[in-house]
Amino acid sequence: MYHFANTDWMRGSFGISVHWTSKTVFPDGSVNSYEDAVNAFEPDTFAETLESIGAKHCIFTLTHAQEYLALPHPVLERLMPGRTTARDLIGELMEALAKRNIRFIAYYNHSCNGVGDPEWMRACGYSAGIHGNLDLFAENICGIVEFMAKRYGNALSGWWFDSSYSVDPRGPHNSISCEMGSWQFPWEKLSAAAKAGYPDCAVSFNAGVGSRFLYTPCQDYYAGESVSLAECFFPEAVPGMTDHRWICSDSPDWVFCGKKNSCTFVEPRFPDDALRDFIAQHRAAGRMVTLNLLIERGGKINPYAIAQLRRIRPSL
């Protein structure tokens, strides 16, 4: 039987999301090796920035577009040698945030969405589809998640799983790029893997912008992906399930990956008053609110967005 997490702490919580990935670049468009970038990242500086704007949770990207993980991970290392690191940056981030009473929620993407990592898609068993072994593909994904769930235990407050629509066509979006036939992704097994180290770890599977579609009842809160401040969500929320609003408050591109070998931080998308009202409205309604902010390879978060949140913090 599924153990529903206690999500009381989520109701009215304000937090920040960042997509710091293998594809993230420095402001001049350059990159160093993934391991060097991981080794240079300063968890305390990152956590102090979030503390300064009153964040109570952080959705931090473990992997996106390309399957790399900033920690020692035997399952991924077996499947794709060289995609892990000796330093456990994720564990250190959890510790730095916990010292400031900021909860850690892990963003995880199976990285089989599009053409960003074909080598990984072959290695994990996705690209072959029904001509290979999709059960083994699901076992690989669940194994990756379960290892981290057990490693971090109750330091991991939640999971935000993305690209559900690349492994299951039933929702409002479908980006499957292999032949799956009638095969069904085992959502219940992934939920169990995510809670393997801490039963009260909250789980959500993103169904896309404006959607509350549930791939399985075995989840604890809505992903809440929004594009606009007035995003309409369908269908109605299941009574008792915690609602959420997640939105990019600076760049709708999510990731600081640069164009033509150059990058610039951008000004916030929304005026102070509009963003303040958005946050206050949803918190008052008992929803968790998360703003995605740009972050560069060195770990610095968009200073324009941080300045805005420091301005409006007294009224949050």
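**Figure 1. Ser-111 in the loop between strand S3 and helix H5.** Ser-111 lies in the loop that links strand S3 (103–109) to helix H5 (118–124); helices (H or I, at least four residues) and strands (E, at least two) are DSSP runs, numbered from the N terminus. The model is predicted: local features need pLDDT of at least 70, side-chain atom pairs count only at pLDDT 80 or more, and totals for chains, interfaces and linings use all residues. Residues are numbered from 1 along each chain as its sequence is written, and side-chain values use heavy atoms, with hydrogens and water left out. Phi of Ser-111 is near 65°, a positive value in a residue other than glycine. Ser-111 is buried, its relative accessible area being 3%; buried means under 20% relative accessible area, exposed over 50%, and partly exposed in between (1.4 Å probe, protein chains only).

**Figure 2. Ala-65 in the loop between strand S2 and helix H3.** The loop between strand S2 (57–63) and helix H3 (74–79) holds Ala-65. A positive phi, near 70°, is found at Ala-65, a residue other than glycine. Ala-65 is partly exposed, with a relative accessible area of 28%.

**Figure 3. Helix H4 and its cover.** Helix H4 (residues 89–98) is mostly covered, seven of its ten residues being buried. The buried residues are Leu-89, Ile-90, Gly-91, Leu-93, Met-94, Ala-96 and Leu-97. Their cover includes helix H1 (34–40), helix H2 (43–52), S2, S3 and H6, where contact means heavy atoms within 4.5 Å.

**Figure 4. The buried residues of helix H7.** In helix H7 (residues 187–194), the buried residues are Trp-187, Leu-190, Ser-191, Ala-193 and Ala-194. These residues cover an arc of only 160° around the axis, which puts them on the same side of H7; the arc is that of the directions from the helix axis to the C-beta atoms. The partners against which the buried residues of H7 pack are helix H6 (134–152), strand S4 (158–162) and strand S5 (202–205).

Figure 5. Leu-229 is placed in the loop between strand S6 (225–226) and strand S7 (244–248). Leu-229 is partly exposed, with a relative accessible area of 23%. Leaving aside neighbours within four places in sequence, Leu-229 is in contact with Ile-247, Phe-270, Ala-274, Phe-278 and His-282. Leu-229 and Ala-274 are 45 residues apart along the chain, and their C-alpha atoms are separated by 8.2 Å. Pro-235 is also found in the loop between S6 and S7. A cis peptide bond, with omega about -10°, joins Phe-234 to Pro-235.

**Figure 6. The protein chain as the setting of the close-up views.** The protein chain has nine helices and eight strands. The radius of gyration of the chain is 18 Å, close to the 20 Å that the globule rule gives for 316 residues, so the chain is as compact as a globular protein of that length. This radius is taken over C-alpha atoms, and the globule rule is 2.2 Å times the number of residues to the power 0.38. Along its principal axes, the C-alpha trace spans about 55 × 45 × 35 Å. Of the 316 residues, 57% count as buried. Among contacts in the protein chain with a separation of 6 or more, 71% come from residues 24 or more positions apart.
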